[in-house]
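Me: Could you take a close look at one helix-to-helix contact in this model for me? I'd like the packing spelled out residue by residue, plus whatever lies around it.

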Amino acid sequence: FIIFYICNSNFIKMNKQLQRFIRRCITISDDELKPIMSKFHTKSVKRKTILQQVGSISSEFYFIVKGGLRVYFLTNQGKEKTRHISLENSIIVALSSFIQQKPSLDIIESLEDTELLVINHTDFYNLVKTNVKWAEFYKIVLETAYINQTKHLEIGLTHSASERFEEIITNNPHYINRLSNKILASYLDISQETLSRLKSKVY
């Protein structure tokens, strides 16, 4: 009974966290949230767990309760390029594969021991079709993903290495401590040597 109570209490806390996130995006009542929350389940993964493989079809949409995930791909030369970083209180998915249900070019990997709330593809899109509030939330997810990806691409194309590093310090300073040099360098699209040099000037 004690173990069940602890597990149930933890699940309620995780659900509350996701509810707060959804409410930051849309206006929604408790009753409107219930059918949405019923479709999520928990998942715990250790650091460096691969949740999405190249060539597999994305079937899960993640809300990060604790920890972090990244989306990356491999170049023809086998070099890692990190597209996106998500830490607690954010969402992440291999979006193109999830939408099109085609094999993914992206890999999703845990950056730390991570606690997730997960909804599968079928339930996700059934809610889009039947739940007006979830459809509204989905629209915001798509718009936000487009804006973020476009911004990251523009910064990569138009900013110098030092400017990209300064942008991280300004907007996501926690990346410096929580990401390895290898991953942060792949996100900034610079060499690890360049990143170490830039870090030494600031820290």
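Reply: On the α4 side of the contact you have F124, Y125, L127, V128 and T130, and they meet V132, W134, A135 and Y138 of α5. Sort those residues by class and you get eight nonpolar, one polar and no charged. Keep in mind that this is a predicted model.

As for the geometry, the axes of α4 (residues 121–130) and α5 come within 6 Å and cross at roughly 110°. An angle from 65 to 115 degrees counts as roughly perpendicular, so that's the label for α4 and α5. The crossing of α4 past α5 is left-handed.

α5 (132–158) also turns up elsewhere: it's among the elements covering the buried residues of α8, along with β4 (68–74), β5 (80–87), α6 (161–171), α7 (174–178) and α9 (192–202). Helix α8 itself spans residues 181–188, and six of its eight residues are buried. Those are I183, L184, A185, S186, Y187 and L188.

β4 runs antiparallel to β7, with four bridges joining them, and V71 has I108 as its bridge partner in β7. β7 also pairs with β2 (residues 50–52), again antiparallel, through two bridges; here I50 is partnered by E109. Within β7 (residues 107–110), I107 and E109 point one way while I108 and S110 point the other, and all of them are buried.

Note on methods:
Residues are numbered from 1 along each chain as its sequence is written. This is a predicted model: local features need pLDDT of at least 70, side-chain atom pairs count only at pLDDT 80 or more; totals for chains, interfaces and linings use all residues. Side-chain values use heavy atoms; hydrogens and water are left out. Buried means under 20% relative accessible area, exposed over 50%, partly exposed in between (1.4 Å probe, protein chains only). Contact means heavy atoms within 4.5 Å. Two strands pair if DSSP finds at least two bridges between them. Axes are lines fitted to C-alpha atoms, for helices over the stretch in contact, and angles run from 0 to 180 degrees between N-to-C directions. Angles under 35 degrees count as roughly parallel, over 145 as roughly antiparallel, 65 to 115 as roughly perpendicular and the rest as oblique. A crossing is left-handed if the near helix is turned anticlockwise from the far one by less than a right angle, and right-handed if clockwise. Ala, Val, Leu, Ile, Met, Phe, Trp, Tyr, Cys and Pro count as nonpolar, Asp, Glu, Lys and Arg as charged, and the others, Gly among them, as polar.
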